[in-house]
Amino acid sequence: MANEVVLLDTFFSMFGMRARLALAEKGIEYEHKDENLEDKSALLLEMNPVHKKIPVLIHNGKPICESLIIVQYIDEVWKDKSPLLPSDPYQKAQARFWADFVDKKVYDAGSRLWTTKGDELERAKKDFIEALKLLEAELGDKPYFGGENFGFGDVALITYSSWFYSYETCGNFSVEEHCPKLMEWVKRCMEKESVSKSLADPKKIYDSILFFKKKYGVE
């Protein structure tokens, strides 16, 4: 069967970037369809009728939704190259735990960094830095979250790094000042072509955030 792969995505989404990155790691050719989230396409609504969100991976006409599920699917279908999840059940569970932590803690605090002001913003900054410090401790002295090889936990977190400039600018702080080892990991990941080509330009993300801040009155 021919592999027809389509990705419904938008450039600034850290979740869409995960799918792009996983496909790049596997060397999979695909058609990229950029979605306007202010005016969602009929295809997106048809392929993800439950959440109506990107990213959606369409493989031979069948949709797979939610970024971490998409990354796991890509890893299982194209398992002959660049495995992302470890084979050991415990290590696999740990990788999934930290990926889930990223989406629960880092996403929540990061969102509040650009949608709140005053005391709420300070709380968001504190929560964000605390979450990154826990991740930095988990990374330890390993080159990647998966150990010697770039893997699932790295895919889960590295796409957020393209938003660090926006978070830092909105919250007036430096990730590197608080988490230097984590930023060394970011730079290490960015040396990989699959990562550097999959992540969006941080300045363009910030421009999009300014647009949404103005639109929703959180300037």
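**Reading space and packing in a predicted model**

Modeller: The largest share of the lining of the second largest pocket comes from α4, which gives four residues. Keep in mind that this is a predicted model.

Biologist: How many residues line the second largest pocket, and which lie nearest its centre?

Modeller: There are 23 lining residues, and Leu84, Pro86, Gly146, Gly147 and Asn149 lie nearest the centre of this pocket. Its volume is about 400 Å³. At least two lining residues come from each of α4 and α6, the latter spanning residues 152-158.

Biologist: What is the make-up of that lining by class?

Modeller: Nine of its residues are nonpolar, eight are polar and six are charged.

Biologist: How is empty space found to begin with?

Modeller: A probe the size of a water molecule is rolled over the atoms, and this shows where empty space is left. A pocket is an open set of points, whereas in a cavity the probe fits but cannot get out.

Biologist: What volume does the largest pocket have?

Modeller: The largest pocket holds about 780 Å³ of space. Its lining has 27 residues, and Ser13, Phe15, Lys53, Ile54 and Tyr107 are the closest to its centre.

Biologist: Which helices each supply at least two residues of the lining of the largest pocket?

Modeller: They are α1 (14-26), α3 (67-77) and α4. By class, the lining of the largest pocket splits into 14 nonpolar, six polar and seven charged residues.

Biologist: How many cavities of 30 Å³ or more does the structure hold?

Modeller: One. The volume of the largest cavity is about 30 Å³.

Biologist: Which residues line the largest cavity?

Modeller: Trp98, Ala99, Val102, Leu135, Phe145, Gly153 and Ala156 do. Of this lining, three residues come from α4, the largest share, and α6 supplies at least two. Six of the lining residues are nonpolar, one is polar and none is charged.

Biologist: Now the packing. Which members of the largest nonpolar core touch the most other members?

Modeller: A nonpolar core joins buried residues through side-chain atoms within 4.5 Å. The largest one here has 65 residues, and Phe128, Tyr167 and Trp185 touch the most other members. Helix α4 (residues 89-115) gives this core its largest share, nine residues.

Biologist: What is Phe128 in contact with, leaving aside neighbours within four places in sequence?

Modeller: The contacts of Phe128 are Val106, Ala109, Gly110, Leu113, Phe164, Tyr167, Phe173 and Val175. Another core, of eight residues, lies apart from the largest one and includes Val6, Leu44, Ile54 and Ile58.

Biologist: How many helices and strands does the protein have?

Modeller: Eleven helices and four strands. The radius of gyration is 17 Å, close to the 17 Å that the globule rule gives for 219 residues, so the protein is as compact as a globular protein of that length. Along the principal axes, the C-alpha atoms fill a box of roughly 55 × 45 × 30 Å.

Biologist: What share of the residues counts as buried?

Modeller: Of the 219 residues, 49% do. As for contacts between residues at least 6 apart in sequence, 68% join residues at least 24 apart.

Note on methods. Residues numbered from 1 in each chain as written. Predicted model: local features only at pLDDT ≥ 70, side-chain atom pairs only at ≥ 80, totals over all residues. Heavy atoms only, no water. Buried < 20%, exposed > 50% of the residue type's maximum accessible area, 1.4 Å probe, protein only. Contact = heavy atoms within 4.5 Å. 1 Å grid on protein atoms, 1.4 Å probe; cavity = no way out; pocket = protein on both sides within 12 Å on 5 of 7 lines; lining within 4 Å. Points joined across faces, edges and corners; volume = space filled by probe spheres on them. Nonpolar A, V, L, I, M, F, W, Y, C, P; charged D, E, K, R; others polar. Rg over C-alpha atoms; globule rule 2.2 N^0.38 Å.
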